[in-house]
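Here is a short tour of one protein structure. Have the sequence and the 3D view open as you read.

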Amino acid sequence: MDLQLNETQARIRDLARDYADRALAPNAAAREARGVVDREALREMAALGLMGVNIPTELGGAGAGAVSYALAMMEVARGCASTAVTMAVTNMVGEVINALGTDAQRERYVPRLARGEYAAGSFALSEPEAGSDPGSMRTTATRDGDRWIIRGAKQWITSGDIAGVYVVWARTGGVGTSGISCFLVEGGMSGVRVGRHEDKMGLRASSTVALTFDDVAVPLDAMLGVEGGGFRIAMMALDGGRIGIGAQAVGIATGALDVALAARRGEEHPGGATEALLADARAELSAAKLMVLRAASLKEAKRPFSTEAAMAKVFASEAAWRITNRAVQAVGGDGDAREPEAERRMRDARVTMIYEGTSEVQRIVIARALLR
């Protein structure tokens, strides 16, 4: 087993690290205080290839592979977790269209996502009554001559107010997950309505909104994949997305540990309890990073990786929560004040245990694989 990065992977990691240190980390607290998406940062990241790391170069991406993407996500999340989540979803949307779209769909949407012509992409799966259970989906798409009419509501949609294209799931027939199909809907189309912005605990410099599809008419060729095949597409996309969120969690935790170490270096007597907290954090962080990169390497090799992605996601996200809490503890009395970096990273870490599949869902995925 070769644990050394190749030249491309090291280059992408260093490029993302440099950008995060130079442009993201210095303004992360101010960005969060304003609660607005940094569109200029997204454009700059697209120019660097970070909005399409695993997208072929002929479609505007970096063509650097899944491992490079995970490494880049870790670095960007270490600098600004809010910007990282926008990056994660845009990469995921580009990858699913590239993998399953027609030539026309790939050529229309993927370069615009990867090159930053679209501010972001959005993944519109969850609904107010259908979060972890897509089979309860109520959004519908009804055939009407040479078009589909989409009606329904989506909830907790990252970048839903700025996306150039949405990947939207809707019921076209049947019951449960068997009747769900997938569509590409362009931002700004008639009938697409952006609802309220969520007032979130963390990741406050990314947007999370409700969406309503009010008789949105899309052409027949807006369907992604085959009719009734939407659930399979969602599961495939979420498998890859879990690698991204696992990497984001590693980046958040890395930044938190950096803050704690900086606060404690130079103290004559940091104390055994503090030292133990930091040691445990470093060990968990190393394990989480290796698990995420293992899942990414399997994906890159086109080998099954669903179980490994679930294990990486649940372990990395829960480790990030523990590590960020330890960082708050380690910096002492300043840790629970509103401004310090440790407190922000702790809030950012919490949602990584929820989106792209909750920890409970990941454990179901792992257990089913064990019992198969």
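A pocket is an open set of points on a 1 Å grid over the protein atoms alone, with protein on both sides within 12 Å along at least five of seven lines, and its lining residues have an atom within 4 Å of a point. This is a predicted model, in which local features need pLDDT of at least 70 and side-chain atom pairs count only at pLDDT 80 or more, while totals for chains, interfaces and linings use all residues. Residues are numbered from 1 along each chain as its sequence is written, and side-chain values use heavy atoms, leaving out hydrogens and water.

**The largest pocket**
- The lining of the largest pocket has 44 residues, and Ser 126, Ile 354, Tyr 355, Glu 356 and Gly 357 lie nearest the pocket's centre.
- Helix α7 (230-264) is among the elements that supply at least two lining residues each, and α7 gives the most, with five.
- Helices (H or I, at least four residues) and strands (E, at least two) are DSSP runs, numbered from the N terminus.

**Gly 121**
- Look for Gly 121 in strand β1 (residues 120-124).
- Gly 121 is buried, with a relative accessible area of 0%; buried means under 20% relative accessible area (1.4 Å probe, protein chains only).
- Leaving aside neighbours within four places in sequence, Gly 121 has contacts including Val 89, Leu 113 and Val 165, where contact means heavy atoms within 4.5 Å.

**Helix α6**
- Among the buried residues of α6 are Tyr 109, Val 110 and Leu 113.
- The buried residues of α6 pack against α3 (39-47), α5, β1, β4 (163-171) and β5 (180-186).
- Just after α6, Gly 116 has a positive phi of about 85 degrees.

Technical notes
On a 1 Å grid over the protein atoms alone, a cavity is a set of points where a 1.4 Å probe fits but cannot get out, and a pocket is an open set with protein on both sides within 12 Å along at least five of seven lines; lining residues have an atom within 4 Å of a point. Buried means under 20% relative accessible area, exposed over 50%, partly exposed in between (1.4 Å probe, protein chains only).
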